[in-house]
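This briefing walks through selected features of the structure shown below, grouped by topic for reading alongside the coordinates.

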Amino acid sequence: MDCTCVDGVPARLRASWLRSEEYGVPADEVQPVFSGRVEETSLFHRCGSEVLADLHRTLGGEPVGLMLTDADGVVLERRSGDERLLRELDAVHLAPGFSYAEREAGTNGLGLALADRMPTVVRAEEHYSHSLAAYTCAATPVQDPRTGHLLGAVNLTTWSRERSDLLLALSQSAAATTSALMLARAGSDEAPSPARSPLFRVTAPRLEPGAGTLADLGGAWAEASARAVSALRDGRIVTAVGENGVGRATLLAQAERQLSPRGRILAASAPAATDVEAWLDLWSPELAKPHTSIVVCGVDTLPAWAAERLRDLVLSARATAAARGDGRTGVALSMTAERFEDVPAALAGLVETLLELPPLRERPSDVLPLARHAAWRARGREVVFTPSAERALSDHAWPGNVTELVAAVRSAATRTDLVDVRHLPTSVLTPAGPRLSRIEAFERDELVRVLSRSGTSMQEAADELGMSRATVYRKVSRYGIRVPKT
């Protein structure tokens, strides 16, 4: 930990506490974000698992939890010879499939190590969440020995009352051994880490002023939002349908937040078939909790048996709430699906209000407000877009809907305070078409790079690229490149 202190608190720790507060992390308990257990096949995971296994054999029954995480703080693997410690770690969700990134769990050893990319120890009350005060965590980031990219971390956790002098040294040694083993075994057989998104998360209210709100969204969104608020206020079960990525879950969560500004919103995304049992067991007890709203995403992908179990849980929770006379403090449930006809019959019968959210291409007035919102979320403040960038964003068809827009804007906003067309992905400036060869894709990207610079003429682009002006025009037409000019 950085020894520079203010009022006895290390500067890095103080900065992490402030970020945790800005993220809206609750101080009383860790609110879990569950991504499911993933069968990792990456070189990092294989080498890291081998190192942890060796360290586990060395430590035997010592009360130390050994963990390997990915770059997002998701625990990939956990080992310990102390069964009581494992049970207690389960209770605070420091377990495989859960994220302990700083944004999700507040200040903790592995989250801060990943945020600052340096070895870190967080002891007892130094944790942001009071529920972690019983532990000391030491973590060291692991970087790809060839590219320097952050891959994850090795984290060691023990009781705060135990001596922890060697904990950081052990995590550093394990991280270094993992990196060295990766370098020795690197080859063409390396498999990439699978994509992962949260299957379960609980969010508390947080302040998002200015461009951080979605108040400026237009007609279709505003109408669907108003209907969702009305239905949820009356205690009806709502389902929002539409193409993937249109913002169905966000719409429902925003409606719930309007009705219960201080409540908890639980989002549960449909898991792989192998994770359904654990997924249901994990979050279904939340159904009957007061001031908790549930958004179950992608119910059209659930197997029939899981849909039936979910239906029974909902009906049981409703009956319990009715018996207590809780009203809205009982069950507040909404769901999302791509098409209502694909929702399993067991859940379709529960739906009392159906909302349809059009794709983003049919809501052009929403593009720029959404872009500003995504930029604010990425930077924590407003980010300016040039007129040419705004035109490029407005002209794109967004086949991936809001999900594609958010990814494009986040990528740009994390690199600059003034987003211009040159900061946007090439895909935003060219229409979807036949798959290009690597040479064609490189040529297209070079054309976009040169032409997107403000004030560059076709002749100047031709001179820089070593082509004739006519060739530049022909290739721009062939690739369908649209480069708005200021």
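Predicted model: local features only at pLDDT ≥ 70, side-chain atom pairs only at ≥ 80, totals over all residues.

- The pairing of E6 with strand E7 (residues 135–143) is antiparallel and runs over 4 bridges.
- Within this pairing, Arg-123 has Thr-136 in E7 as its bridge partner.

**Aromatic pairs**

- The structure contains 2 aromatic pairs.
- One of them is formed by Phe-34 and Phe-98, whose rings are tilted, with 45° between the planes and 4.9 Å from centre to centre.
- Since Phe-34 belongs to strand E3 (residues 33–34) while Phe-98 sits in the loop between helix H3 (83–91) and helix H4 (102–105), this pair ties together parts that are 64 residues apart in sequence.
- Phe-34 is buried, its relative accessible area being 5%, and Phe-98 likewise counts as buried, at 8% relative accessibility.
- Tyr-135 and Trp-159 form a stacked pair, because their ring planes lie at 20°, with the centres 5.5 Å apart.
- This pair also links distant parts of the chain, given that Tyr-135 is in strand E7 and Trp-159 is in strand E8 (residues 150–159), 24 residues apart.
- Tyr-135 and Trp-159 are both buried.

**Helix H1 and Ser-20**

- Helix H1 (residues 11–23) includes Ser-20, and H1 as a whole has 13 residues that reach 18 Å from the first C-alpha to the last, close to the 18 Å expected at 1.5 Å a residue.
- The buried residues of H1 are Arg-12, Leu-13, Ser-16, Ser-20 and Tyr-23, and because they cover an arc of only 95° around the axis, they lie on the same side of H1.
- On the other side of H1, the exposed residues include Glu-21 and Glu-22.
- Ser-20 is itself buried, with a relative accessible area of 0%, and, leaving aside its neighbours within four places in sequence, Ser-20 is in contact with Val-25, Glu-102, Gly-106, Thr-107 and Tyr-128.
- Following H1 comes Gly-24, which has a positive phi near 80°.

**Helix H7**

- Helix H7 (residues 219–233) has 15 residues, which at 1.5 Å a residue should span 21 Å, and this agrees with the 21 Å between its end C-alpha atoms.
- The buried residues of H7 are Trp-221, Ala-224, Ser-225, Ala-228, Val-229, Ala-231 and Leu-232, and they are placed on the same side of H7 because they cover an arc of only 170° around the axis.
- Gly-219 and Glu-223, on the other side of H7, are exposed.
- The buried residues of H7 pack against strand E10 (238–241), helix H8 (248–259), strand E13 (332–337) and strand E14 (353–356).
- Just after H7, Gly-235 adopts a positive phi of about 80°.

Conventions: Residues numbered from 1 in each chain as written. Heavy atoms only, no water. Pairing = 2+ DSSP bridges. Helix = DSSP H or I, 4+ residues; strand = E, 2+ residues; numbered from the N terminus. Phe/Tyr/Trp six-rings, centres within 6.5 Å; stacked < 30°, edge-to-face > 60°. Buried < 20%, exposed > 50% of the residue type's maximum accessible area, 1.4 Å probe, protein only. Expected span 1.5 Å × (residues − 1). Arc of directions from axis to C-beta. Contact = heavy atoms within 4.5 Å.
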